[in-house]
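Hi,

Here is the structure I said I would pass on. Have a look at it first, and then read my notes below.

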Amino acid sequence: MVDIKAFPYLGFVRFDLTNKEFDRQFNIYFDDHIQELANKPGYSTSWRTKELRSVDYFGYNAGQLEQEYMQIYAIREPGVFSSFPSNPQPPVMENVPWRRDLGNWGRVFYRVLALTEKDTRAGRCWARMEYHFKGPAEAEAKFQADTAQYLKHVLELPGVHRVWQCQHVPTPAQIGSDPVSKYMNLLELDAPENLYDPSLNEDRLPLNAGQEFAGRHFARLLLKAEPQK
């Protein structure tokens, strides 16, 4: 499990691959890329995910449609990302043809309020549950505490291995618009059905802590990269 005292932030690099002609080369490149970053100072574990959008998952996802691919980095602080997009963009070279097809590119950061793990197993699926806080400012601390208790109960569900409680952090290193919500619960699962009951069209354990639902998104874990000692 990531040491959130040493690496208290998650950085999400998000984009769509609009044309799948060079999908294989694209995935090979980013598999190597997240391992390269995981080995750098200020970075820890990294992950790659791809949204589950087939007809089999219609109705599971809800809220604003987000980018298809995400690279997720446990980091010391957002400043470890010092690169920004070139303007104008450099020409696409033959050795990276997939760059032609990247779109809707952005980068956002969250502070990890809590990370709790039930076991050391890796899940094949990630869920992002997004919420707007609804209530006066003085009630926000209670909302955070209630969410932390809720996530402990969610972790008891079969097939749920670990949960993150996250809060969006505006920072100069962000690229693009803010995420759709201030708060996000991130869960590592065996399958979407561990969290969501498709027969009832609702979460198995709904959160009721004065929040406003903003989105539910399931993604397949493509790769997890650990720092190489």
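Is Arg 100 buried, partly exposed or exposed? With a relative accessibility of 47%, Arg 100 counts as partly exposed (buried is under 20% relative accessible area, exposed is over 50%, and partly exposed is in between, with a 1.4 Å probe and protein chains only).

Before the rest, a word on what you're looking at. This is a predicted model, where local features need pLDDT of at least 70 and side-chain atom pairs count only at pLDDT 80 or more, while totals for chains, interfaces and linings use all residues. Residues are numbered from 1 along each chain as its sequence is written, and side-chain values use heavy atoms, leaving out hydrogens and water.

Now the overall picture. The protein has 2 helices and 11 strands (DSSP runs numbered from the N terminus: H or I of at least four residues for helices, E of at least two for strands). Along the sequence they follow the pattern β-α-β-β-β-β-β-α-β-β-β-β-β. Of the 229 residues, 50% are buried.

Helix H2 is worth a visit. Residues 140–154 form this helix, 15 residues in total, reaching 21 Å from first C-alpha to last. Its buried residues are Glu 140, Phe 143, Thr 147, Tyr 150, Leu 151 and Val 154. On the face turned away from the buried side you'll find the exposed residues Ala 141 and Lys 142.

Lys 142 also pairs with Asp 146 in a salt bridge, with the closest N and O atoms 2.7 Å apart (a salt bridge is a side-chain nitrogen of Lys or Arg within 4 Å of a carboxyl oxygen of Asp or Glu). Both residues lie in H2, 4 residues apart, or about one turn of the helix. Asp 146 counts as partly exposed because its relative accessibility is 29%.

The structure holds 15 salt bridges. Back to Arg 100: its side chain meets that of Glu 21 in one of these, at 3.1 Å from N to O. That pair links distant parts of the chain, 79 residues apart, with Glu 21 in the loop between strand S1 (9–17) and helix H1 (23–38) and Arg 100 in the loop between strand S4 (69–75) and strand S5 (102–117).

Cheers

Definitions and conventions. Expected span 1.5 Å × (residues − 1).
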